Amino acid sequence: MSTPARVLPQDRPAALRVLGATALVGVVATVWLGLFVTPPDQFMGNLVRLLYIHPPMAWVAFLAYGVATLASLLYLWPRTRAEHFDRLAGASAEVGVVFTGLTLVSGSIWGRPTWGAWWVWDPLLTTTALLFVLYLGYLALRRVPGEFHVRARRSAMAALIAFVDVPIVYFSVEWWRSLHQAPTVLNPTTHKTYVHGSMFWTLLLGFVSFTLVYIWLMAHRYRLARLQDLEDVEGLEVALEERRAEGDAG
Amino acid sequence: MLRDAVLVAGKDLRIEIRSRVGLNQIGPFAIAVLLLFGLALGPDRRVLAPASAGLFWVAVLLSTLLAVQRSYAIESADAARDGLRLSGLDPAGIFLGKASAVAAQLLVLEAGLTVGVTLLYGAHLSGALVLVAACAAGTLGLAAVGTLYGVVASGLRTRETLLPLLFLPVVAPVLLAATKAWDAALAGTPSHAGGWLDVLVVFAVLYIAIGTVAFGPLLEDG
């Protein structure tokens, strides 16, 4: 017996398609501007082109964790407790982990010719790498099956326990490095002064389009999580109906 | 709450003294880790002695995982966890009790490991006050986070693999701060450890506070 096809709610809303298309155009435009239109930097040369995507990726990662933490908090707060906050937290954290990975990879590619090493123990890098494993743990915990509200509450608490750690990690790592910092890391305040003209607009476009990509990915991940939950519920009903039909036939 | 904590800690420690799992398994495990570090870094004491603070704390971190898993393993038999839930004890008290039992075992282990790094790595012990303070604050932080994540993971089928993944990244600041404090003390400059001890104290206070609030709901869910 085949599964009855039911109309699923909000199956690919049009607004999401428009958003996805806009994000795609934005990313393509950023890449085109970054690779072909903007001039090479006077100090970094063509390497500067990586900086049109690297800071936007890092921004999206931190934004995603911020949204996940806020959603977890709203889920734990009895007055605002709702299933969609749990799904939002999960979707956002998942996109955040992807962008943290991309941030680390793009930063590493940039760091090899700039610092002469794929990896340096810079506070921001170390914190980002620890965040990456911290939230991988959170996602692993989310995957553990269980009753919806039990799983959601457990995940929300784990998200907050992890989030409290972020400032402690950052400050202790920064302090650790500043006590005996040998390699001079590029000072972000100094290279800001020569971001101007087409470079500035390209970077800004990068930030906007990556943020759109984040919203688009997160919306789809959210939709998927909702469909999975629906499938769990409906799948049980379908199975029950099938068994009943078998019983009637026999 | 404190009375409940003493009850739970007493129960856990009594089980450990009678079963001797900590003595027979966690202690030898920590010694094996110390020996393996020696093999990995080679027999040169000029390499081993400066690294002994970090190696000591990594061994403590790994042993904490075992101690926490053991702490919840004793609750899984005979539905002891349900008994604990139905006992009417204050959940915050249960958390504090379990965490202090873990901390007490770790402190005994750390005393043994200190002897180990002195003998095996040739670490020169100095600044005893800083060493003890770092152990006390660091161990409380480790035990608090461990007990908290332990209860999150305890009811789950994948707890053995999930607990290390959740626990280790969160306690990275403890490893860092405790190692730096020990480094300062072993190098004969214990005054440089001050700020790192503060980090350990802040970490411990923060996670003990979170644990006392969050433990109840997490225990109910498991």
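User: Over the face of which residue does R81(A) lie, and at what distance from the ring centre?

Analyst: The model under discussion is predicted. In it, R81(A) is placed over the face of Y75(A), 5.2 Å from the ring centre.

User: How many aromatic pairs does a search of the whole structure find, and how is a pair of rings described?

Analyst: A pair of aromatic rings is described by two quantities, the distance of the centres and the angle of the planes. Over all chains, the search finds 13 aromatic pairs. In one of them, the ring centres of W119(A) and W121(A) are 5.9 Å apart; because their planes meet at 80°, the pair is edge-to-face.

User: What are the relative accessibilities of W119(A) and W121(A)?

Analyst: W119(A) has a relative accessible area of 31% and is therefore partly exposed. W121(A), at 49%, also counts as partly exposed.

User: Which kind of aromatic pair do F203(B) and Y207(B) form, and are these residues buried or exposed?

Analyst: Their pair is tilted, with 4.7 Å from centre to centre and 40° between the planes. Both F203(B) and Y207(B) are buried.

User: Where in chain B do F203(B) and Y207(B) lie, and what separates them?

Analyst: They belong to helix 9 (residues 194-221) of chain B; because they are 4 residues apart there, about one helical turn separates F203(B) from Y207(B).

User: Which residues do ring pairs link into a cluster?

Analyst: In chain A, Y65(A), Y135(A) and Y138(A) are joined into a cluster by ring pairs.

How values were computed: Residues are numbered from 1 along each chain as its sequence is written. Chains are lettered from A and ligands numbered from 1 in the order in which they are written. This is a predicted model: local features need pLDDT of at least 70, side-chain atom pairs count only at pLDDT 80 or more; totals for chains, interfaces and linings use all residues. Side-chain values use heavy atoms; hydrogens and water are left out. Rings of Phe, Tyr and Trp (its six-membered ring) pair if their centres lie within 6.5 Å; planes under 30 degrees apart count as stacked, over 60 as edge-to-face and the rest as tilted. Buried means under 20% relative accessible area, exposed over 50%, partly exposed in between (1.4 Å probe, protein chains only). Helices (H or I, at least four residues) and strands (E, at least two) are DSSP runs, numbered from the N terminus. A charge sits over a ring if NZ of Lys or CZ of Arg is within 6 Å of the ring centre and within 35 degrees of the ring normal.
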